[in-house]
Amino acid sequence: MTVQSHSYHRSKFINSTGTITGNFLEYQAGINNYFKLKSYNDRLLEENAKLKTQLSQKTEKTTEELQQNAYSYYPASVINSTYHKTNNYITINSGKNDSIHSDMGVITDKGIVGIVEKTSSNFATVISILNHRSSINAQLLKTNHFGSLTWDGKHPNIMQLKDVPRFAPLAINDTIVTGGRSTIFPKGIPIGKITNYTLGDNANFYDIDVLLFNDMTDIGFVQVIKNINAPEIQKLEKNHSNEK
C-alpha cells in the first residue's frame, strides 16, 4: 500500500527491485491500455500519415533537417504516471538494456512529456513536465523569441512560458515549440498554443499561459530521444566554462 500510494516510495522501490515491481506495473498498464488500443492506433496511423507526407514533400536537406538527423528515437510504454501532484513522475518500460539513460527527452506524437531521470535495466523514471523541477527551453513558432516553460501546479494541461521579451509579437493561439537550446530536445517539437498573456511584475517580460497539445492525464505510448552529439557538445561547453 505504501509503494502504490506514494510516488517517492514507488520510485525507490522500482530502482531497488526493478524487475518484480516493473513487471507488475507493466502488467497493470497492459490491462488499462487494452481498452484504449483503438485510440492509440488511430494516433499512430495519424502520425505515420504525417511522416509519409513530410517525406514525400522533401526535395533537399535544410540546416534544421540536418539537426534532426542528430537524434535517435526509442519507443516505450508508460506503465505508471501521476499528474495531480506538485512534482509528478512517469515510469516507462524501457531502461539501460534499451539504450535509455538519464537526461534523454520523452515525447509523444503530440508533444513533449518530460526528461528521463533514473534508469534500471528494463525501466526508467521520467520527470514529468508537470513538475516544479522542470524547466524547458521553448519559443514562438513564428519567431525566434524564447523563454522557459514551467508549471504552476494548477491545471495538468496548462503550463507557463516565462521570460519572453515584451517586444515579441504575440497573439492568442500562437504555437509554442521547443527552442533547441539544449542537448535534450531538438528544435521545433510541438508544445501547445497560447491561451492568455500579460506583462509580468517585470514589465519587460510576458507571463504566458500555454495549453498543451498533449493530454497529460492520458499518456500511453512515448518516444525517448537520444542526442547523438550530446557528449561532444557537453565536453566542449564544459571546457569553455572552465576557462578563466
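Which residue stands opposite V78 in β2? Hold that thought while we get our bearings. What you're looking at is a predicted model, where local features need pLDDT of at least 70, side-chain atom pairs count only at pLDDT 80 or more, and totals for chains, interfaces and linings use all residues. Residues are numbered from 1 along each chain as its sequence is written, and side-chain values use heavy atoms, with hydrogens and water left out.

Now for the answer: V78 sits across from I92 in β2. Strands here are DSSP runs of E with at least two residues, numbered from the N terminus, and two of them pair if DSSP finds at least two bridges between them. Strand β1 (residues 71-81) and strand β2 (residues 87-92) run antiparallel, joined by 3 bridges. Together they make a hairpin, with 5 residues between them.

Strand β2 has another partner, too. It pairs with strand β5 (residues 124-131) over 5 bridges, again in the antiparallel sense. Look for I90, whose bridge partner in β5 is V126.

Finally, head over to L141, in the loop between β6 (136-140) and β7 (146-150). L141 counts as exposed because its relative accessible area is 54%, and the cut-off for exposed is over 50% (1.4 Å probe, protein chains only). The C-alpha atoms of L141 and I176 are separated by 5.6 Å, though the two lie 35 residues apart along the chain.

Methods
Helix = DSSP H or I, 4+ residues; strand = E, 2+ residues; numbered from the N terminus. Buried < 20%, exposed > 50% of the residue type's maximum accessible area, 1.4 Å probe, protein only.
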